[in-house]
Amino acid sequence: MLHEPPADALRDPEIFQAEVMARCEPAVLRGAARDWPMLSQATTPSAALDGVVAQLRRFDIGKLAEVFVGKPEIGARYNYDATLAGFNFDRSAVPFGEALTRILDSAADPGRTSMYMGSMTAETYFPGIEETTRLPFVPPAVRPRFWVGHASTVACHYDTMDNVACVAAGRRRFTLFPPDAIRDLYVGPIDHTLAGQPISLAVGSEPGDPRFPRFENARDRALVVELEPGDALYVPKLWWHQVEAVGDVNVLINFWWDGFSAGPDQPYTALLLSLLTIAERPPAERAAWRAWFDHYVFRPDGHPLAFLPPERHGVLGASKANYGRIRTLVMRLLRGG
């Protein structure tokens with residue numbers, strides 16, 4: 001069952017970080033966005049859609065949007081094609097307002113081509129709309145992104161940032177798997193992706209599919225939640241999630257940020273560098289490096305210099321100055337210095 005935090009955990013970013021994000025578990029935030037102007041007067045799903053569309057058109061400045069276009073035979077499940085070399089949908093650039101009109105006009109047509117626009121930033125497409133989509137527990141500097149389309153299924157993927165996803169129109173069904181399910185999800189290439197992040201090839205397969213035998217270890221670990229307009233979901237970084245938009249027309253507004261960043265560098269950068277420096281070494285040497293990573297980075301036994309007073313922790317001390325010292329050292333080593 002997904003965690004549903006008490007209302008006081010949604011008062012401000014610091015409380016949310018300490019009481020929700022630090023758990024590194026998804027959390028359902030029922031009604032978190034219901035006070036937005038686009039939703040505050042909506043008493044029915046159709047009224048919610050009308051309010052959202054009106055706001056989008058009000059702030060739209062006519063930018064071209066990338067539209068995923070899927071033929072009816074794919075069932076609006078955006079994925080690779082059968083060869084894994086290409087994709088089962090096309091992309092086109094269409095002014096946002098025109099694409100929105102096409103989506104609305106064709107929504108009730110059962111044989112229609114599916115359309116989907118994703119990750120449209122407020123500052124690029126709808127400048128000013130961010131003032132109407134504030135959440136008290138999201139840092140004020142974090143800007144929203146908009147996802148608009150027909151009913152669709154976005155393949156199971158992860159993000160490297162923390163995510164608060166708010167349903168503005170339609171309904172969303174999230175199917176989530178924890179980070180440690182990765183070995184059983186049959187994750188595709190990391191550099192040939194649908195929209196930036198690797199996807200699971202196994203999620204959505206039939207039970208007993210011979211291509212993905214290990215997925216049976218993960219199938220029953222799935223957490224499923226459905227969200228209505230005004231509801232939100234917190235998805236921690238690295239949690240796998242398949243996202244189904246199940247209304248005829250759906251609008252999701254999300255916020256991405258790293259709640260525990262100490263500086264500009266991301267953990268994923270360290271992972272990629274480790275692929276170069278460690279992944280192909282002999283098993284015994286990889287085991288040795290794993291012990292070092294555990295000791296210095298993952299710290300199952302606590303801080304590696306806990307037996308010394310803090311003033312003797314050197315660059316392992318928790319301070320912004322030490323962050324800069326380590327970063328300088330890393331950059332020097334990467335340059336071969």
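This is a predicted model: local features need pLDDT of at least 70, side-chain atom pairs count only at pLDDT 80 or more; totals for chains, interfaces and linings use all residues.

Visitor: Okay, so is Phe-59 buried or exposed?

Guide: Phe-59 is at 13% relative accessibility, under the 20% cut-off, so it counts as buried.

Visitor: Which helix is Phe-59 found in?

Guide: Helix α2.

Visitor: And what does Phe-59 touch, leaving out residues up to four places away in sequence?

Guide: Tyr-125, Phe-126, Pro-127, Gly-128, Ile-129 and Thr-132. There is also a C-alpha separation of 9.1 Å between Phe-59 and Ala-122, which are 63 residues apart along the chain.

Visitor: Switching to the sheet. What's the strand order?

Guide: β1-β11-β8-β13-β6-β5-β2-β4. That's an open sheet of eight strands, with antiparallel pairing.

Visitor: Which strands stand at the edges?

Guide: β1 (27-29) and β4 (90-95). Each has a single partner strand, so one side of each is left without a neighbour in the sheet. From one strand to the next, the twist averages 25°.

Visitor: How many bridges pair β2 with β4?

Guide: Six, in the antiparallel sense. β2 covers residues 64-70. Ala-65 stands opposite Val-94 in β4.

Visitor: Where does α2 pack?

Guide: On the sheet. Helix α2, residues 45-59, touches β6 (144-149), β8 (162-169) and β13 (250-257). The direction of α2 makes about 110° with that of β8.

Visitor: Now pockets. How much space lies in the largest pocket?

Guide: About 2,500 Å³. The lining of the largest pocket counts 45 residues, and those nearest the centre are Ala-270, Phe-293, Val-297, Ile-326 and Val-330.

Visitor: Which elements give two or more residues to that lining?

Guide: α6 (267-277), α7 (283-298) and α8 (320-334). The most comes from α8, with 10 residues.

Visitor: Which element gives the most to the lining of the second largest pocket?

Guide: α6, with five residues. By class, the lining of the second largest pocket has 19 nonpolar, three polar and three charged residues.

Conventions:
Residues are numbered from 1 along each chain as its sequence is written. Side-chain values use heavy atoms; hydrogens and water are left out. Two strands pair if DSSP finds at least two bridges between them. Helices (H or I, at least four residues) and strands (E, at least two) are DSSP runs, numbered from the N terminus. Axes are lines fitted to C-alpha atoms, for helices over the stretch in contact, and angles run from 0 to 180 degrees between N-to-C directions. Contact means heavy atoms within 4.5 Å. Buried means under 20% relative accessible area, exposed over 50%, partly exposed in between (1.4 Å probe, protein chains only). On a 1 Å grid over the protein atoms alone, a cavity is a set of points where a 1.4 Å probe fits but cannot get out, and a pocket is an open set with protein on both sides within 12 Å along at least five of seven lines; lining residues have an atom within 4 Å of a point. Grid points are joined across faces, edges and corners, and a volume is the space filled by probe spheres set on the points. Ala, Val, Leu, Ile, Met, Phe, Trp, Tyr, Cys and Pro count as nonpolar, Asp, Glu, Lys and Arg as charged, and the others, Gly among them, as polar.
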